[in-house]
Amino acid sequence: MQFDYDVIVIGSGPAGFSCAMQSSKFDKKVLIVEANDEYIGGTWINKGTVPSKALREAAKTIYKFHSQFGDEKGRKPYERFRMEELLQYKRTILESKNRKVKEDLIKNKIDTVRGYGKLVDNHTVSVKDHTDEVETHTAEHILVSTGSRPTSPENFEIDHTNILDYETILDITHIPRRITIIGAGIIAMEYATVFASLGTRVNILNNSSSLLPFLDHEIFEILQSSLKNKNIALHNNVTIEWVRKNDLRNCTEVAFESETDERLQVVESDHVLYIGGKKPNSKNIGLEKVGVITDEDGYIETDKSYQTSIDNIYAAGDIIGYPSLASTSFVQGRLAACDMFGIPSQDLVNEIPYGIYSIPEIAGVGLTEKEARNMDMDVTVGRAYFRNLTQGDISHMDEGMLKLVFDTNSLKLLGVHIMGESASDMIHLGQSVMHYNGDIRYFIQTVLNYPTFSEAYRIAAFNGFNRVNKAGIKYREILE
Ligand SMILES: Cc1cc2nc3c(=O)[nH]c(=O)nc-3n(C[C@H](O)[C@H](O)[C@H](O)COP(=O)(O)OP(=O)(O)OC[C@H]3O[C@@H](n4cnc5c(N)ncnc54)[C@H](O)[C@@H]3O)c2cc1C
């Protein structure tokens, strides 16, 4: 049977983009269908990853400058800088990123069509454009990579002016003096520290008793004191009673109860940022019609090659659920393309790192100390504090720690946990050592650039050796 394309990709986020690029490298004819009229790149470039990191970078630069050189008039950063300046910084990056992605698609002869894509049968996609014109295209393979969108709160409305979600926070017109963040996940932590760095008073309302429960317990302790130092008030176990605008006091009020204080408490702020969960964009795209199976929450079920219940239809990215990251979506889209065209490929690696772009950053890979101990492993840890790094001094970024978790006998590296400047970059060194079954001797035997934050690996390894040595193993034996 003749098809118009070898593969049609629905959605141009990281999963769709990487599948399209990899397919084109296999000399395949590719069409990307993108519902958005203005941009390519989905949440990745336009509403999530890149814009939030661009704002963060601007805020971090201001924070660094302000904490290092101060202000002779004693002003807070939000009194010296305007939101427009931060937005302009973000806009430039988004324009450049959008342009580069379009250039890549053109260079690789990937066709794009704007409109809402829907599966008609297992080889046909209909595309409805903004004038309601519908055209259809056929392909041997189809990738569904329509991503996800924010969920709505249950007992209040997001008006996108005073009460915002993770998309509309990107367009606020002034730096708020006070912000209340409802939610305490990764994105919440990022925005909390970004605004605190600009001098904003931040309240976090967390509906659970724990915060980022996957963190190593010592990293969590450092995070807690970092939040405290930035005057970020964290309220755990809260139930939100209502959220409403108070015109008389020109603020938005959030009323909540917490387990520790059952009285109704009210916080006032300029803006409320609601960061709940995500839901998959899997409705009304014809999945049921062609028999693509989803789970009860609407996420598409796939095997480890990203093939759905229909042989020639694949799915990747947020639409298949956890871990819902741009980093993993890029890899999933590429692996789906490899499987479509019979190219042997490896599975997604086991050691998936996470990065939290708070100020400072947090990143981790592998087992935490507690996880390893709960598995009855004989583990030792090695720590390096950023305040002891030359680069920490030089750059005035001395908050944080790098922690190695390793097997006491073999010295094999089992996990790395970092809070501090460049943590999201630094984690990759540990990830590589773990991937190749390396042990912590690597960090002292190799030569690392100096001064760098990566020096923390060397210091933490020595610290770990000291602990093993104190437990009775001779230094010589450790190094041999
Ligand atoms: C605030 C925020 C910060 C984040 N930070 C990070 C980070 O630092 N690191 C990280 O790894 N991840 C981060 N993420 C997560 C990351 O953005 C997502 O995991 C990633 O974008 C998902 O990629 P995707 O390809 O599945 O979908 P998306 O990027 O969501 O793209 C889906 C595309 O499909 C299009 N589409 C939807 N339906 C249709 C249809 N029927 N027809 C045609 N087109 C359609 C949409 O318009 C969109 O362009 C962040 C997310 C948010 C919200």
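Helices (H or I, at least four residues) and strands (E, at least two) are DSSP runs, numbered from the N terminus. The model you are looking at is predicted, so local features need pLDDT of at least 70 and side-chain atom pairs count only at pLDDT 80 or more, while totals for chains, interfaces and linings use all residues. Residue numbers run from 1 along each chain as its sequence is written.

Asp-27 is not a glycine, yet its phi is positive, near 65 degrees. It counts as exposed because 9 other C-beta atoms lie within 10 Å.

## Around Asp-6

Asp-6 belongs to strand S1 (residues 5–10). It is partly exposed, because it has 19 C-beta neighbours inside 10 Å. Leaving aside neighbours within four places in sequence, its contacts (C-beta atoms, placed from the backbone, within 7 Å) include Ser-23, Lys-28, Val-30 and His-141. Leu-31 is 25 residues away from Asp-6 along the chain, and their C-alpha atoms are separated by 8.4 Å.

## The ligand shell

The ligand has 37 residues around it, and those that come nearest are Gly-11, Gly-13, Gly-42, Gly-147 and Gly-317. A residue is counted here if its C-beta atom, placed from the backbone, lies within 6 Å of the molecule. Elements that each supply at least two residues of this shell include helix H1 (14–25), strand S2 (30–34) and helix H9 (326–340). By class, the shell has 20 polar, 14 nonpolar and three charged residues. Ala, Val, Leu, Ile, Met, Phe, Trp, Tyr, Cys and Pro count as nonpolar, Asp, Glu, Lys and Arg as charged, and the others, Gly among them, as polar.

## Nonpolar cores

A nonpolar core is a set of buried Ala, Val, Leu, Ile, Met, Phe, Trp, Tyr and Cys residues joined through C-beta atoms within 7 Å. The largest one has 85 residues, and Ile-181 and Ala-192 have the most contacts inside it. Helix H6 (residues 186–197) gives the most to this core, with eight residues. Not counting residues up to four places away in sequence, Ala-192 touches Ile-181, Val-202, Ile-204 and Ile-232. Another core, of 41 residues, lies apart from that one, with Ile-8, Leu-119, Leu-287 and Phe-330 among its members.

## Domains and a hairpin

An automatic or database domain assignment provides the domain bounds. The chain is divided into domain 1 (5–150 + 279–340), domain 2 (163–276) and domain 3 (354–479). The C-alpha centres of domain 2 and domain 3 are 31 Å apart, and their contact takes 14 residues from domain 2 and 15 residues from domain 3. On the domain 2 side, H6 and helix H7 (217–229) each supply at least two residues.

Strands S13 (residues 251–258) and S14 (residues 265–269) pair in the antiparallel sense over five bridges; pairing requires that DSSP finds at least two bridges. Six residues form the hairpin joining S13 to S14, and Glu-253 stands opposite Glu-268 in S14.

How values were computed: A residue is buried if 20 or more other C-beta atoms lie within 10 Å of its own, exposed if 12 or fewer, and partly exposed in between; C-beta atoms are placed from the backbone. Two residues are in contact if their C-beta atoms, placed from the backbone, lie within 7 Å.
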